[in-house]
Amino acid sequence: MGEGVSYAKVEVRVILPEGARNVRFETEVPLVAVEETLHRTFMDTVGRTTLKLTAMNVVDEARDKPLIVTYDYPFSAAFRKPITIFLGVMAVFVTAWGIGMLDVSIGKPS
């Protein structure tokens with residue numbers, strides 16, 4: 001990259017793990033806007049916390065400035081997706097077993 005480059009608008013989007021709470025960040029770059037939203041993807045139950053930081057007129061020297069993001073991750077959040085998948089697979093097997101137990105014969109019972 002060339003020296004002395006400036007950027008009119010910079011947007012940084014940080015997508016955290018599903019279940020992240022109490023999100024905090026630190027940066028030395030002056031920010032114009034900070035937005036915290038939920039980003040839903042395939043197999044998410046509650047969505048992933050997304051932190052969107054916007055800065056205007058950023059000079060080249062700011063590219064080496066640190067961005068530190070901290071958050072709390074509860075123990076139960078690590079097991080949310082495996083439990084959801086397990087319960088979904090069990091529901092499919094129970095449904096298949098229930099349908100297999102139905103008597104669909106056309107003749108009279110003997």
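## A leucine on the helix

Leu 87 sits in helix α1, which covers residues 77–100. This is a predicted model, so read what follows as a description of that prediction. Is Leu 87 buried or exposed? With a relative accessibility of 52%, Leu 87 counts as exposed, because the exposed class starts over 50%.

Together with Phe 42, Met 43, Phe 75, Phe 79, Ile 83, Ile 85, Phe 86, Val 89, Met 90, Phe 93 and Val 94, Leu 87 makes a nonpolar surface patch of about 1300 Å².

## How confident is the prediction?

Across the protein, the mean pLDDT comes to 89, and 96% of the residues reach 70 or more. Which elements mark the two ends of the range of mean pLDDT? Strand β1 (residues 6–18) has the lowest mean among the elements, at 91, while strand β5 (residues 67–72) has the highest, at 94.

## The largest pocket

Now for the empty space. Rolling a probe the size of a water molecule over the atoms shows where space is left. In this model, the largest pocket holds about 290 Å³. It is lined by 16 residues, and the closest to its centre are Val 10, Val 12, Val 29, Val 58 and Ala 62.

Which strands supply the lining? Strands β1 and β4 (48–59) each put in at least two residues. Strand β4 gives the most to the lining of this pocket, with five residues.

## Salt bridges

How many salt bridges does the structure hold? The count is five, and a few of them are worth a walk-through.

Start with Lys 9, which pairs with Glu 11; their closest N and O atoms are 3.3 Å apart. Lys 9 is exposed, at 52% relative accessible area, whereas Glu 11 is partly exposed, at 43%. Glu 11 has another partner as well: its side chain meets that of Lys 52 in a salt bridge, 3.8 Å from N to O. Because Glu 11 belongs to strand β1 and Lys 52 to strand β4, this pair ties together parts of the chain that are 41 residues apart in sequence. Lys 52 is partly exposed, with a relative accessible area of 27%.

Another pair is Glu 28 and Lys 65, whose side chains meet at 3.7 Å, N to O. Glu 28 counts as exposed at 55% relative accessibility, while Lys 65 is partly exposed at 39%. As for networks, salt bridges that share partners join Lys 9, Glu 11 and Lys 52 into one.

Most residues other than glycine have a negative phi. Here are two that go the other way. Asn 22 has a phi near 55°, a positive value in a residue that is not glycine. Asn 22 lies in strand β2 and is partly exposed, with a relative accessible area of 46%.

Asn 57 also has a positive phi, of about 50°, although it is not a glycine. Asn 57 is part of strand β4. Is Asn 57 buried or exposed? At 63% relative accessible area, Asn 57 is exposed.

Arg 63 lies in the loop between β4 and β5 and counts as partly exposed, at 43% relative accessibility. Arg 63 and Gly 47 are 16 residues apart along the chain, and 30 Å separates their C-alpha atoms.

The other pair involves Asp 103, which lies in the segment after α1. Asp 103 is exposed, with a relative accessible area of 67%.

Conventions: Residues numbered from 1 in each chain as written. Predicted model: local features only at pLDDT ≥ 70, side-chain atom pairs only at ≥ 80, totals over all residues. Heavy atoms only, no water. Patch = residues over 30% accessible without salt bridge, like charges linked within 9 Å, V, L, I, M, F, W, Y side chains within 5 Å. Areas by Shrake-Rupley, 256 points an atom, 1.4 Å probe, with all protein chains shown as cover. Salt bridge = Lys/Arg side-chain N within 4 Å of Asp/Glu carboxyl O. Helix = DSSP H or I, 4+ residues; strand = E, 2+ residues; numbered from the N terminus. Buried < 20%, exposed > 50% of the residue type's maximum accessible area, 1.4 Å probe, protein only. pLDDT = per-residue confidence, 0-100. 1 Å grid on protein atoms, 1.4 Å probe; cavity = no way out; pocket = protein on both sides within 12 Å on 5 of 7 lines; lining within 4 Å. Points joined across faces, edges and corners; volume = space filled by probe spheres on them.
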